[in-house]
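I opened the model and kept notes as I went. The entries follow in the order of my look-ups.

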Amino acid sequence: MTTIPTEPVQPGKASLLYDPKIRGYVYQLALLAVVGFLIYSAASNAIENLRAQKIASGFGFWHNAAGFDVNQKLIPFSASGSTYGQAFWVGLLNTLLVASIGIVLATFLGFFVGVARLSSNWILAKIAMVYVEVIRNLPLLLQLFFWYNAVLKPLPNPRQSIELPAGILLNNRGLYLPDPQLEPGGSLIVLTFLLGLVGAITFRYWARKQQEATGKQYPVGWIALGLVVVLPFFVYLLMGRPITFIYPELAGFNLRGGIQIFPEFVALLVGLTTYTAAFIAEVVRAGILAVSKGQSEAAHALGLRPGATLKLVVIPQAMRVIIPPLTSNYLNLTKNSSLAVAIGYPDLVQVFTGTVLNQTGQAVEVVAITMAVYLTISLVTSLFMNIYNKRMALVER
Amino acid sequence: MTDATTENAAFFVRRETLPQEAAPLSVAGPLAWVRANLFSGPVNTILTLVCAYIVVTSLPEIIRFYFLDAVWTGSNRDACLAEKVGRPVGACWAYVADRFQYFVYGSYPVTQRWRVNIVFAMFALGVVWLLWNNAPLKKLGAFFFFVLLPISAYILLLGGPGAQNLLRYLIIATVALAGVYMVLSFAPSLLGFYTGAAQLAVEHELPPWKRFYRPKRLILMALVAFGLIAILDQSIGLPRVDTGLWGGMTVTFLIAAVGIVFSLPLGVVLALGRRSRLPIIQLLSVIFIEFVRGVPLITVLFMANTMLPLFVPQEWSPDRLLRPLVGVALFAAAYMAEVIRGGLQAIPKGQYEGAMSLGLGYWNMMRLIILPQALRIVIPGIVNTFIGLFKDTTLVTIVGIFDFLRTIEATLVDPTWATPTTRATGYAFAAIFYFLCCWGMSRYSISVERRLAAGQRR
Amino acid sequence: MNRFVSAALAVAATAAFAGGAQAQTGLLAQVKSRGQLICGVGPGLAGFGIPDAQGNWSGLDVDLCRAISAAVFNDPAKVKFIPLSSKDRFTALQSGEVDLLSRNTTWTMSRDTSLGLNFAGVNYYDGQGFMVRKKLGIDSALKLAGASVCTQQGTTTELNLADFFRANKLKYEVVAFASADETIKAYESGRCDAFTTDASGLYAERLKLGVPTDHIVLPEIISKEPLGPVVRHGDDTWLDIVKWTHFAMLNAEELGVTKTNLDEMLKSENPEIKRLLGTEGKFGEAVGLSNDWVVRIVKHVGNYGESFERNVGANSLLKIARGQNALWTKGGLQYAPPIR
């Protein structure tokens, strides 16, 4: 027998050209060089152009007097004395305001529509389907124009305001709510309300522990209602009705008094809410469909009613599927709130990228700050959602 | 003992038979359907009644406004004013009819609008070619849509000396390429004829013109397209039409098409970059994708509008329409990259390993094995991104481009058609347009999804 | 094949960029070699710069561009008009996208000094005013306490408005929109009680309203708004050309040189007219134009008065009185240095 040489076969020495590692380095270095060159030339062009155009640079404008007015502001702001920096905060807070309210409303509406689309009620399911299909297939900007120009603007002028119950007035200058004023003793009501809220939450927590331990159920809803609504109401009567309302009334051109909600805000809020809700509805529907039918059948077999099945069995499981896309819908809503600029709502983009950019001419700084804000909001939101998502996912075992 | 047990569990155990229930009225037929689906319980009944009330009150009103009371013909606002007509007036479709040309072409010069029409026709051809499943020569279609169409559209829509020069270069280049291929396809057989060493491949059995035709269709098509445009240029002339005059649906489709044509390849590159094992490439891709996805499109457009001119040398100052195009294309690319990444992740590892074991390099593996499968899976996602992109084209309004929505808005301030119902009509028309486009795309994506699912079922 | 495609794309890209591929010589030389003047104008303000249905521009500001084109090319049509919103106008000029901005732009110190721009004169003396509905029954801006006022954002208008109400200690609510169209639409729909912009703009925008006579312009003028053409820093010859084109039109009016009597005037013995029309001296050549540059301007465009009457004055829809814009000899502010 001949012996086969057992010498291991040496892998052929590949030329450096074909070494994947070397190639990788070369590719990366080349890309880095290209990107670096692009950034460098863009920056040097920008510096050159800015110098040629005599545009100031840097963030010195932040402390300069703004000199313009904004109608909706959550912090004091006036043409006299306020700075561009304050204008930034006014815009940012307005963005956050409309986004946060919009997220809450869109979530409720979206869950309702999403569940309605799966409802056994034929007509409800069809209406929900039409709603989702129509809203999702139309540009948001068109919808905002519709709400603002076609729905809110044709409302009557302040002299012929539509009177809604409880002294609320509606006209083409906005929605006017009575302004509650606390008289002496009124703060007690607020205090009771807050205490009631804390009590209700504590009770709910306790009741849940109890239910887990003993299986005994408590009427959490009723007790919470009593603590949060009935108790403060009693205090209100007891203290001799110490809250008075300033009702809006006609003075000159506009209504005076009361809380004014601007039509731009309403249009933006309604537009964002209905638009995002349609997307959330689809997310919810997909999430519910992802829960296997056996789960709800088992729940029914255990004697749970359809409502309880949904609440206790289906939704908690669906949430795991729902949360990631829900997050991106929340972020979309926040980003879409920048369309405010089209209908004159003073959000960050309108105030800062619009007016401030024009008054200062410092496009690079202003656009960079605006983008940084949205990036931060995006990153923070996804961070929180990831944490929540992890907690939800852990339930899985 | 047993007694005690039953005593304790008495809750669940029934001792006597229940009385028989009456037979259900019907379990089939319309009445049963109505009962099961509309009135199955008190809550459902209330919901049904509320919904029915909403439908009954709103639907006839909508039909009345948009159809029965609508005005269909007229030349100015008098036709749509209730006082002048003497009856309640609904939608003023006469206004849409009167301004329709403007909605389609914007301010594009009337005598030059045939150029837009040709581009529209080419666009439609390209879309049908690519989307229709049984269309022949898909590769040719892709070449047409992604290369020929943009170039032809650029030359046709813009015109002027710049475009004519480009056309001349392109024709020269294409003819040169055609010549090279011609020689290449003749040469071997000529050589074989003279040397006698005939290589009898099937390919070489074909007559030379066919041999030229088959693999080199792309060049032939390019030659035909450019030739036709050149003939148009010579006979009718293509004077320059500045982008400031472009508007209406033309611009809307233009932005959408540019977004599609550029975002798809760019998205593929970014997705591959993000999945790359090379850390720097991955990092740069991630930064770009997450940055763009983290900011609103409108800030990207503002950036393109105000900062792009700063980033390039002064004498390059990009055209006003080009800026939002760049912005939209980059924006869409980031979203596209995420969709495609989803497809790449869905490809089982075995496919990669199989490709590598065949000795394919990275690019060949991607081109031949992975991407065809990955892209196929994510067609619905891609179409959905296009729907979003199409809706987002409206945002260019805000940076002063006259897209379709902007032309509607512009006509709303025109006193010629200032009537109480013009606005509702204009928005309804816009809504119909966008709805048809987006809904059509989503239907298409659903049908593709079905077809793909059918393939998966086996 | 791929290389071919990428080369083609590169050519396409360069062609698309070629908006202003210019050598770094004087702007006049660039304009001449380009064969076209690129002029930034308003996006559509009746009387000042507005395109008709065929895309032909007309207006007082447009006439200035046409006059420069006439002076350079002896053809008023060699102008490319680029409509610019108030937000984009300075960037467009700074970046070299347009050769000059003739777009009712207010001359202020900060714009003149810190934006790297030069104002070449005042072709319209304007001031900010208010428009309200007639049926409100008010006759003074001081009675606007508590009113909602619609304005366009990013303009001096917005700042003047704040100043006015602050100075008079009146409360008001500002509603700012990004475009002029949105602003006037909001005013018309009743979102605001008053609409504010330059008085000329008020008259022009009023034409866009359904029933223009339902609205009145209040008498108060709350700011000085000298509107004029703007050029970039750094090319003084070009600045001279723009400046003196405007002055030439004023001088022509002052000396009574019009489109119709141009031929007779060429025979005039008046030394001032001879210098103006280039029959004496070489004033045109001094700025790189031909000596008959004013003849070209007047022949194609007319003098300042003619342009004014045609676009915004008695012969137009706007019917604005000459007022401050009359010649200094007639009690107005329009005063041109002599050509000599």
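**Entry 1: the sheet in chain C.** Which order do the strands of the open sheet of 5 strands in chain C take? I read β10-β9-β11-β8-β12 (chain C), with mixed pairing. Before going on, I note that this is a predicted model, in which local features need pLDDT of at least 70, side-chain atom pairs count only at pLDDT 80 or more, and totals for chains, interfaces and linings use all residues. Residues are numbered from 1 along each chain as its sequence is written, while chains are lettered from A and ligands numbered from 1 in the order in which they are written.

Helices (H or I, at least four residues) and strands (E, at least two) are DSSP runs, numbered from the N terminus. Two strands pair if DSSP finds at least two bridges between them.

**Entry 2: β9(C) and its helices.** I followed β9 (residues 147-152) of chain C. It runs parallel to β10(C), and 6 bridges join the two. C:V149 stands opposite C:V174 in β10(C).

Helix α6 (residues 156-167) of chain C packs on the sheet and touches β8 (128-133), β9, β10 and β11 (194-198) of chain C. Its direction makes about 155° with that of β9(C). Helix α7 (residues 180-188) of chain C lies across β9, β10 and β11 of chain C, at about 160° to β9(C). Axes here are lines fitted to C-alpha atoms, for helices over the stretch in contact, and angles run from 0 to 180 degrees between N-to-C directions.

**Entry 3: chain C as a whole.** I counted 14 helices and 13 strands in chain C. Its C-alpha trace spans about 70 × 60 × 40 Å along the principal axes. Of its 340 residues, 55% count as buried (20 or more other C-beta atoms within 10 Å of a residue's own, with C-beta atoms placed from the backbone).

The domain assignment, automatic or from a database, divides chain C into domain 1 (26-125 + 226-330) and domain 2 (128-223). Their C-alpha centres lie 29 Å apart. The contact (C-beta atoms, placed from the backbone, within 7 Å) takes 15 residues from domain 1 of chain C and 11 residues from domain 2 of chain C.

**Entry 4: α13(C).** Is helix α13 (residues 293-300) of chain C mostly covered or mostly open? It is mostly covered, with 6 of its 8 residues buried. The buried residues include C:W293, C:R296 and C:V298. Among the elements that cover them are α3 (60-73) and α9 (236-254) of chain C. Just after α13(C), C:G302 takes a positive phi of about 100°.

**Entry 5: chain B against chain A.** I then turned to the contact between these chains. It takes 43 residues from chain B and 47 residues from chain A. α3 (42-68), α13 (279-294), α14 (297-311) and α20 (422-457) of chain B each give two or more residues to the side of chain B that touches chain A. The largest share of that side, 10 residues, comes from α20(B). By class, that side has 30 nonpolar, 11 polar and 2 charged residues. For these classes, Ala, Val, Leu, Ile, Met, Phe, Trp, Tyr, Cys and Pro count as nonpolar, Asp, Glu, Lys and Arg as charged, and the others, Gly among them, as polar.

Methods: Two residues are in contact if their C-beta atoms, placed from the backbone, lie within 7 Å. A residue is buried if 20 or more other C-beta atoms lie within 10 Å of its own, exposed if 12 or fewer, and partly exposed in between; C-beta atoms are placed from the backbone.
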